[in-house]
Amino acid sequence: MKSEKNRPPACDVPGAQSHSREESGRSGISHFDVRVTGMGCAACVSKIENTLSSMKGVSQARANLASETVSVSYFPDKISPERILRRLESIGYKPAVSNIDLTVEGISCPSCVAKIETSLKKIPGVIDASVNAVSGTTTITFDPLYADFQQFKKFIEGVGDYTVVSASDETGIQIARERAQEEHIAALKRAFAISAILTVFTGLISMGERLPLIRLMNDSMRNYVLLILTLPVMFWAGLRFLRGAVFALRHKTFDMNVLIALGTLSAFLYSVAVTFIPENLLSRIAWKSAHPHVYYDSAAMIITLMLLGRMLEARAKRKSSDAIVRLLGLRAKIAHVIREQKEIDIPADEVVEGDIVIVKPGEAIPADGVIIEGFSTVNESMITGEGMPVDKAPGDIVIGATINLTGAFKFRATKVGKETILYQIVRMMEKAQGSKAAVQRVADRVTSYFVPAVLSIAVITFICWLILGEDPSFPRALLNFVAVLIIACPCALGLATPTAIMVGMGRAAEFGLLFKGGDVLEKTRTINTIVFDKTGTLTIGEPSVTDVVSLDGKDALSVLRIAASAESASEHPIGVALRKKAEASQLDLAKCESFKAIPGKGVSATIDGKRVLVGKPAFVVENGISVSQLEKDISSLSEEGKTVMVVAVEDEAKGIIALADTVKHEAKTAIEIIKKMGLDVFLLSGDTEKTSMYVSKKLGIDTFFAEVLPGEKVDIISELKSQGRKVAMVGDGINDAPALASADIGIAVGAGTDIAIEASDITLIGDDLMGVPRALELSRKTYRVIKQNLFWAFFYNSLGIPVAAGVLYPVFGILLNPVYAAVAMAFSSVSVVSNSLRLKRFQPGF
């Protein structure tokens, strides 16, 4: 075991910033300006500039003292605006920004995402915009002095066939999204059903001579009937694709709608030409095709299959956000409150802070609060992920939406509405699911070039088949052109990452884990070093009695009773620990008189008419009492890092009591699992070297840092990072916040302070350290799913497009019918989403 006490000098914690964003002329660099508060002198300017410039991914940072603004140039593929803002706030400069979540209906592919994000970032005052292709959530970070909701709505609806849904709070947004998703799926069902019926008829009529009734129609009449049947499929059921293509082309962009519209319109318009142009003229146009065919059935079938794919995809995407829906479904509907000394029932949403609420067995708790009367057992697994019910008594905190199991109790509501833990979890999940992982940004860049590349390949295919193909070359060139357009699937690329991130974070929430973003979920897999704070993280955070030793070796409970009685009037943590132990041992305490506390030493009191001293060995010796007979026990317990108190009655030492901040019961198991996963584990403590060594040895931690001052924690994290390590810091206190922010990944224990949680990347909602290895394993599993999705998407497109272009025809005589191309395209998107949904069944392997 190794103790690390030599550290570099303390230095300022690196900082962060906020911004109004625009694209720089230099390739790959973005820029933003943001107003901040807290700049008071030139030293602030220097601190902000040095801190931000030192961040990986920041190209340049400039602070203006006069205008109180910060300008930042950065590489968006290396660092996110949110991370810069959090860093800026962590060094004391608060960005003047707000966040708003909108639901956008009509997003169908990655090109929609890029189009909306680009449009929003052009609005003055917008710092960042992130669109989730799966849920339709659009998260905008902006300066409210320059931008507002109406501008966002106008810009989004102006660049495409999109509808912006606004809501007053987080729950309203989710409800609005659910309603929009239901309406969207219902519309797709109607369009698909009608389109499918008409397509069946076009297919039957296209079979021509094979069916007796169809033989009664000549070619000209059959073509007119097919046209009539196909028109509603093309221009009613398929209108969403055509409208989307028009919007895209109007804004000089290309998306999946452009490919579908070009493919189906090409087949449809060619068929219209065959229907109306005289055959002798058409045969010359169609390159010696004596009896040119129509492809109404292909156009109708492609539209129908595209609608089927969109419908299946929409259903699967909806399942990816089930975790949030389930969380919101946990809310209590009715609350029993006491008003004007009467119990009345009101909607749970109408509970206000300070209300006295009655909760009966089997009911959901309607708000966060503190129990004032009654005892019960509460199932908190839906919030904390911890399966064991928790006993509750007066003074204990209860969490809204958890389930009361046994007794009835009254509690005072302390947090209601969107201030409750449930809503904070939903809000964090909404925000996290709207963020982008680094691998997703790479996929987005690929898809931005994908559609133009496919269009180029389709045109080249058409020209090659037209010039080099066998007669009739024009129909074959047209079919291969359509097949290339239809089989290409940027949707699979665009959905590969966000669906896995959404399902992964939803599953994490069920285990009591909150990731602050997709980038955090992805990045966690790279961690190879974990640093644990000791007090309150690995330990309970308060002293408890571990040993009671009597001088005669027999009457230990008598020693405990005397000490607890003497400390009965004390509010010191040691006094509280002694009373708790006495209560647990069912001891009746004696009356305490003449109580006197001597700071840093101990207490004196009169118990049962006798003078009693309880304190450090030196304190007892100072009062002329020998402790020689107890020195062996005092020494051995002190070696274990415990606080030893001597109990003396009159002038004789009666025994000793040892206290320690006890290690959490699951800490050793969690650390063993983490080490088996191949990570190095360090302990960080402000406690003495002796205590730190004892805890480290007990938990199996090889290296510890002892007697660390709060300001030195950041230096230790920086030192470990300078060794090439990817470091995660686990902590719970205010003094852990800078270290949590400076680590590659900060993990806050949920029972800790709000400041620590705010500075972290991952929050353990409960107090269970097993959440740390769960987070690591889930991150690794999610990344594997993302890689599988991306491999399938790239493999599908790499294989499908050449086959559709006809590269196999010269050797194997194989051509791909556009209808089969449509089937393959629909299958590719659904398969990616379905693979991501496997994460819903994730279970840790321990």
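How many helices and strands are there in the protein chain? The chain holds 30 helices and 32 strands; helices (H or I, at least four residues) and strands (E, at least two) are DSSP runs, numbered from the N terminus.

This is a predicted model, in which local features need pLDDT of at least 70 and side-chain atom pairs count only at pLDDT 80 or more, while totals for chains, interfaces and linings use all residues. Residues are numbered from 1 along each chain as its sequence is written, and side-chain values use heavy atoms, with hydrogens and water left out.

**The chain as a whole**

Of the 846 residues in the protein chain, 53% are buried. Buried means under 20% relative accessible area, exposed means over 50%, and partly exposed lies in between (1.4 Å probe, protein chains only). Among contacts with a separation of 6 or more, 69% are between residues 24 or more positions apart; a contact means heavy atoms within 4.5 Å.

**Helix α24**

Helix α24 spans residues 689-699, and its buried residues are Thr691, Ser692, Val695, Ser696 and Leu699. Seen down the axis of α24, these residues fall within an arc of 130°, so they line one face of the helix. The arc is that of the directions from the helix axis to the C-beta atoms. An α-helix has 3.6 residues a turn, so residues three or four places apart point the same way. The cover over the buried residues of α24 includes α18 (534-538), β27 (652-663) and α23 (667-676). After α24 comes Gly700, with a positive phi near 80°.

**Arg507**

Arg507 lies in helix α16 (residues 490-510). Its relative accessibility is 11%, so Arg507 counts as buried. Neighbours within four places in sequence aside, Arg507 is in contact with Leu839, Lys840, Arg841, Phe842 and Gln843.

**Salt bridges**

The whole structure has 20 salt bridges. A salt bridge is a side-chain nitrogen of Lys or Arg within 4 Å of a carboxyl oxygen of Asp or Glu. The table lists some of them.

| Pair | N to O distance |
|---|---|
| Asp608 and Arg561 | 3.7 Å |
| Lys591 and Glu593 | 3.9 Å |
| Lys675 and Asp702 | 3.9 Å |

Lys675 in helix α23 and Asp702 in the loop between α24 and β29 are 27 residues apart, and the pair links distant parts of the chain. Lys675 is partly exposed because its relative accessibility is 34%. Asp608 is exposed, with a relative accessible area of 56%, and Arg561 is partly exposed at 27%. Asp547, Glu640 and Lys642 are linked in a network of salt bridges.
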